[in-house]
Amino acid sequence: MILKHSKIDLTKEQLHAKSFIHFIAELQNLINYIGKHLRALHQTVSIAESVTAGFLQFSFSQMKDASEFFKGGLTVYSYDEKVNLLNIDREEVIRENGISHNIAKQMALNVAELYQTDWSIAVTGYSTPVKESDQKLFAYFSISYAGKILLTERLDLHSRTMPLKAQMYYSEFILGCFKLELDKMTEVENERMSS
């Protein structure tokens, strides 16, 4: 998958205003595009997030007429919330430290079912290097549509990336991937209507 590189400078220790401004500008472009396309398709979306701690929900809440398509989301930061709110198997959550391809998929499918949405996005991972992650930073995310997983990926970051930058980068990348999935859906709809 090829996406435009982020303007968030992951190599610096501090978050500079310039990096944050680039993030906000890119985020604004993405949210305008995503909101417009979800409204045009008359489809809805829900979010289940852990590592991004609400950044994705915040992003969707900033979209024009968000209440028409954004049904809501959950920030499931702990094991108990993943298990109790999203019905993820407790043994799997404990074994995987709450972070795996399969857990991201289950989070996406279960939040879509919970909110009865066409689309869903889920993400779980690490924004700080810890023993459980082998001192690495990575996240898994999943995008579902109509009860089926369309995409599940792992994002890896440099272990010295500061937590806020990691969360911002994960959010921007995931929104970019969601945009690509919406583009595919829009192409299918356009082809269907022209035939």
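Helix α3 crosses helix α5 in a left-handed sense; left-handed means that the near helix is turned anticlockwise from the far one by less than a right angle. This is a predicted model, in which local features need pLDDT of at least 70 and side-chain atom pairs count only at pLDDT 80 or more, while totals for chains, interfaces and linings use all residues. Residues are numbered from 1 along each chain as its sequence is written, and side-chain values use heavy atoms, without hydrogens and water.

α3 spans residues 79-86 and α5 residues 101-115. Helices here are DSSP runs of H or I with at least four residues, and strands are E runs of at least two. The two axes lie 10 Å apart, at an angle of about 45 degrees. The pair is therefore oblique, the class left over after under 35 degrees (roughly parallel), over 145 (roughly antiparallel) and 65 to 115 (roughly perpendicular). K82, L85 and L86 of α3 touch I103, M107, N110, V111 and L114 of α5, where contact means heavy atoms within 4.5 Å. Six of these contact residues are nonpolar, one is polar and one is charged.

Now to the second largest pocket. Its space is about 230 Å³. Fifteen residues line this pocket, and S50, Y77, I99, G125 and Y126 are the closest to its centre. α3 and β3 (119-125) each give two or more residues to the lining.

N97 sits in the loop between α4 (90-95) and α5. Beyond its neighbours within four places in sequence, N97 is in contact with Y79, Y126 and E132. S78 is 19 residues from N97 in sequence, with 9.6 Å between their C-alpha atoms.

Definitions and conventions:
Axes fitted to C-alpha atoms, helices over the stretch in contact; angles between N-to-C directions. Nonpolar A, V, L, I, M, F, W, Y, C, P; charged D, E, K, R; others polar. 1 Å grid on protein atoms, 1.4 Å probe; cavity = no way out; pocket = protein on both sides within 12 Å on 5 of 7 lines; lining within 4 Å. Points joined across faces, edges and corners; volume = space filled by probe spheres on them.
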